Amino acid sequence: MSSKKTEFIVSDLISKIFQQKFWNNKLPTQRDLASAYQVSRFTIQKALKRLEAIGLIESIQGDGIYIRERALGNPLVSNSMTEVPYQDLLSKMLYLKKVKPDSELQSIFNLAPDEDVWEFQRIRIVCYEICQLETAWMPCSLFPDLSKEAIEDSIQNYALKKKCRISHFMTTYRPTTLSRDVAETLGCKKGTPAMFITSRGILKDGMIFICSKINAIHYECTYIIPFNKDVYRSRRGKQQS
């Protein structure tokens with residue numbers, strides 16, 4: 001886990017980037033950042049690695065650290081899992097099976113009742129600690145050869161190899177407490193606070209290629225979105241009526 005000082009530097013740099021505090025979209029040197037925040041260069045390197053992992057900056061050898069202009073024009077969403085490099089993330093499949101879709105899955109995937117879907121469950125491990133339990137579904141018609149190898153590697157990579165053109169992910173977060181079964185799988189106590197995450201992966205042709213439900217512990221999420229004046233005015237109007 002990152003130190004509180006590193007977390008502060010990450011948040012502060014994100015804030016200053018969106019405040020356009022850095023001239024020519026270039027960050028100060030590591031030495032200057034270490035001096036400004038009164039920390040070691042190692043701490044600065046950890047913070048910059050986080051910003052690079054979420055796609056906000058890039059380092060150019062011999063030139064410096066630059067802000068990715070493309071990232072500034074879109075909502076920025078980062079979480080404690082997407083920041084983890086794949087070499088530091090381990091997935092272990094608990095099961096994989098074909099099931100008949102219930103009415104909810106039929107609606108999500110736009111399937112007929114007799115069409116099968118894959119259902120799988122896996123745990124996600126970061127730094128030798130289990131931090132997520134995921135149950136997910138994928139249409140068999142789209143992925144007839146889904147395997148343990150794909151599930152324990154990367155579902156996104158598997159979909160891309162199948163020539164799927166991924167467009168968006170729709171994700172919902174809500175706080176929860178863990179049931180006994182989930183807590184035992186994650187190696188913690190029943191009632192432990194957690195984040196319950198539901199997600200759908202959407203292809204460019206509009207199809208849903210995966211739907212998942214995740215129980216996550218030690219989970220953090222940061223997002224920056226443009227201010228929507230119309231939504232704000234609408235909410236104020238309803239409040240005043």
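Buried here means under 20% relative accessible area, exposed means over 50%, and partly exposed is whatever falls in between (1.4 Å probe, protein chains only). This is a predicted model, so to speak of local features we need pLDDT of at least 70, and side-chain atom pairs count only at pLDDT 80 or more, while totals for chains, interfaces and linings use all residues. Residues are numbered from 1 along each chain as its sequence is written, and side-chain values use heavy atoms, with hydrogens and water left out.

View 1. Cys140 is in no disulfide, and the nearest cysteine sulfur, that of Cys164, is 14 Å away. Seen from the other end, Cys164 is in no disulfide either, with the sulfur of Cys140 as the nearest cysteine sulfur at 14 Å.

View 2. Helices (H or I, at least four residues) and strands (E, at least two) are DSSP runs, numbered from the N terminus, and two strands pair if DSSP finds at least two bridges between them. Here 6 strands line up in the order 4-5-6-9-8-7, with antiparallel pairing. Strand 4 (89–99) and strand 7 (166–177) sit at the edges with a single partner strand each, so one side of each has no neighbour in the sheet. On average, neighbouring strands are turned by 15 degrees against each other, direction ignored; the axes behind that value are lines fitted to C-alpha atoms, for helices over the stretch in contact, and angles run from 0 to 180 degrees between N-to-C directions.

**View 3. Strand partners, pair by pair.** Start with strand 4, which pairs with strand 5 (residues 117–126) in the antiparallel sense over 10 bridges. Look for Lys97 here: its bridge partner in strand 5 is Glu119. Strands 8 and 9 form a hairpin with 4 residues between them, and Gly206 in the turn has a positive phi of about 95 degrees.

View 4. Ser212 belongs to strand 9 (residues 208–216). Is Ser212 buried or exposed? Ser212 is buried, with a relative accessible area of 6%. Taking contact as heavy atoms within 4.5 Å, and not counting residues up to four places away in sequence, Ser212 touches Glu134, Thr135, Ala136, Ile197, Thr198 and Ser199.

**View 5. The largest nonpolar core.** A nonpolar core is a set of buried Ala, Val, Leu, Ile, Met, Phe, Trp, Tyr and Cys residues joined through side-chain atoms within 4.5 Å. The largest one has 21 residues, and Leu48 and Leu51 touch the most other members. Helix 1 (4–18), helix 2 (30–37), helix 3 (41–53) and strand 2 (64–67) each supply at least two residues, and helix 1 gives the most, with 5 residues. Zoom in on Leu48: leaving aside neighbours within four places in sequence, Leu48 is in contact with Leu13, Leu27, Gln30, Leu33, Ile57 and Ile65. There is also a second, separate core of 17 residues, including Met93, Trp118, Ala136 and Phe143.

**View 6. Aromatic pairs.** Rings of Phe, Tyr and Trp (its six-membered ring) pair if their centres lie within 6.5 Å; planes under 30 degrees apart count as stacked, over 60 as edge-to-face and the rest as tilted. The structure holds 5 such pairs. Phe143 and Tyr158 form a tilted one, 5.4 Å centre to centre with 45 degrees between the planes. Phe143 lies in the loop between strand 6 (129–139) and helix 6 (148–153) and Tyr158 in helix 7 (residues 155–161), so the pair ties together parts 15 residues apart in sequence. Both Phe143 and Tyr158 are buried.

**View 7. A tilted tyrosine pair.** Tyr173 and Tyr219 are tilted as well, 5.9 Å centre to centre with 35 degrees between the planes. The pair links distant parts of the chain, with Tyr173 in strand 7 and Tyr219 in the loop between strand 9 and strand 10 (221–224), 46 residues apart. Tyr173 is partly exposed at 31% relative accessible area, whereas Tyr219 is buried at 15%.

How values were computed
A disulfide is a pair of cysteine sulfur atoms within 2.5 Å.
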